[in-house]
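Good morning, colleagues. I would ask you to keep the sequence and the structure in view while I go through them.

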Amino acid sequence: MPQKVGLLRHVMRELIRQRIQTVLPEVIDLRHELHTHPEIRFEETWTSEFICGVLDAWGIPYQRGLAKGTGIVATIEGGAGRTIALRSDIDGLEIAEATNLPYASRIPERMHACGHDGHMAALLGVARVLLDFRDTLAGSVRLLFQPGEEQGGGARYMIADGALDGVDAIFGMHGWPQLEAGKIAVKSGSLMASADFFRINIQGKGCHGADPASGIDPVLVAAHITTALQAVVSREIDPRKPAVVSVAHIDAGSTTNIIPDTALIEGTIRSFDAETDAMLREAIERIACGTAKTFRASAEVAFGEKPYPALVNDQAMTQMLIRTASEAIGEDNVVIIEEPAMVAEDFACYLEEVPGAFFFLGMADAPGQPYPTLHSPYYDFNDKALPTGIATMAELALRFIENKMSVR
Ligand code: NI
């Protein structure tokens with residue numbers, strides 16, 4: 001019997017491969033259209049409408065209006081078996097596009113600089129391919145189009161609105177410029193860091209720049225706090241545990257001869273476990289307040305209300321992903337990475353609810369060839385990666401819910 005299952009999987013794979021080639025030109029067109037209309041977190045009304053239009057045209061039922069209004073859950077309903085969810089983010093960024101592409105953003109200061117247009121197109125491609133196998137599906141495939149991944153925490157709103165109800169496993173992916181197109185990369189366990197921001201408001205006492213003794217200089221305090229914060233990771237965190245504290249924004253004063261009243265420091269913290277995260281927060285607050293007090297100023301420290309947790313891939317689901325992708329796109333094209341990335345993803349929130357795995361999809365045109373980084377004004381999701389993403393996701397879905405053909 002295993003031989004028969006293997007043969008049927010091989011036949012299915014060939015059918016999927018052919019189907020992907022047939023739908024690819026349409027999927028690329030969809031991607032370019034989406035790229036032209038980037039919208040930021042929870043403002044994705046055009047995008048949401050566009051996706052619904054495509055689903056309508058293909059006869060795929062969906063529920064819309066999730067996650068503050070622009071989220072969509074579409075379902076390819078098969079038998080009464082297991083349900084797998086596949087997720088794409090749908091938001092763009094506040095960046096002015098500099099690619100000069102014919103399908104570059106038509107909206108000023110808005111850009112799909114993180115490639116979510118490619119994620120959407122790939123997921124629509126998966127939907128189009130799986131639609132042809134609907135009658136043979138033993139379970140269902142749920143397609144999550146999630147708004148507000150960039151600093152919006154849209155995943156939490158999707159979950160609150162029931163996107164994961166009845167879901168047995170979830171998978172997602174993100175374009176990855178460091179890896180070449182045609183490949184995917186994944187790791188079991190921690191894949192991406194938790195992310196939180198901190199904001200330090202320093203209260204000094206403004207005065208004339210020529211008479212500093214009559215005031216309390218918050219600029220000097222901000223400089224000392226920034227320097228002292230460098231000791232948090234290097235002196236207080238176990239060196240075997242990755243962590244980051246980065247001051248990314250300082251704001252104070254307005255001209256050359258006035259010492260201002262206040263100063264602001266903002267930055268980001270990253271780690272891979274709740275204990276380290278708590279230590280970072282405690283240290284930042286202690287050092288900021290203590291340093292301010294040393295210089296007769298005061299400081300107030302705030303953190304994000306809903307930080308992104310670390311993204312932890314389920315071991316069994318990662319193994320299934322590796323096996324399936326090795327068959328779908330070739331063993332040599334599945335890269336097992338050793339070290340997690342310090343960037344964050346709110347896909348982590350889904351993985352706190354149901355088992356699943358997240359993987360990186362290669363974007364570079366050739367091995368080692370530089371590709372614009374994520375969030376760069378030159379970034380454009382590589383269309384060459386679409387077949388790899390679609391094949392991996394489509395086969396994952398079929399493998400997870402098991403196809404009636406292969407279990408008959
Ligand atoms: Ni992104």
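Pro212 is partly exposed, because its relative accessible area is 47%; by the convention used here, buried means under 20% relative accessible area, exposed over 50%, and partly exposed in between, with a 1.4 Å probe and protein chains only. Before I continue, please note that this is a predicted model, in which local features need pLDDT of at least 70, side-chain atom pairs count only at pLDDT 80 or more, and totals for chains, interfaces and linings use all residues. Residues are numbered from 1 along each chain as its sequence is written, and side-chain values use heavy atoms, with hydrogens and water left out.

Where does Pro212 lie in the chain? It is in the loop between β9 (207–208) and α5 (218–236); helices (H or I, at least four residues) and strands (E, at least two) are DSSP runs, numbered from the N terminus. Leaving aside residues up to four places away in sequence, Pro212 touches Cys207 and Ile259, where contact means heavy atoms within 4.5 Å. Between Pro212 and Thr373 there are 44 Å in space, C-alpha to C-alpha, and the two are 161 residues apart in sequence.

Thr226 counts as buried, because its relative accessibility is 17%. Which residues does Thr226 touch, not counting those up to four places away in sequence? They are Val247, Ile250 and Ile265.

Next, the metal site. The nickel ion has as its protein donors Cys114 through SG, His116 through NE2 and His174 through NE2, at 2.1 to 2.2 Å. Donors are N, O and S atoms within 2.8 Å of the metal (3.2 Å for Na, K and Ca), and water is not among the atoms, so sites may look incomplete. Along the chain these donors follow the spacing C-x1-H-x57-H. Both Cys114 and His116 are buried.

Gln151 is not a glycine, yet has a positive phi of about 65°. Its loop runs between β4 (140–146) and α4 (154–160), and Gln151 counts as exposed because its relative accessibility is 69%. Arg296, also not a glycine, has a positive phi of about 70°. Arg296 sits in the loop between α6 (274–294) and β13 (298–303), and counts as exposed because its relative accessibility is 58%.

Finally, the chain as a whole. It has 10 helices and 16 strands, and its C-alpha trace spans about 85 × 45 × 40 Å along the principal axes. Of the 408 residues, 55% are buried. Among contacts with a separation of 6 or more, 81% are between residues 24 or more positions apart. The accessible surface comes to about 17500 Å², and carbon and sulfur atoms hold 52% of that; such areas come from the Shrake-Rupley method with a 1.4 Å probe, and for residues only the protein chains shown count as cover.

As for charge, the chain carries 35 positive and 54 negative side chains, and the centres of the two sets are 5 Å apart. Lys and Arg count as positive and Asp and Glu as negative, while His and the chain ends are not counted; the place of a charge is taken as NZ of Lys, CZ of Arg, CG of Asp or CD of Glu.
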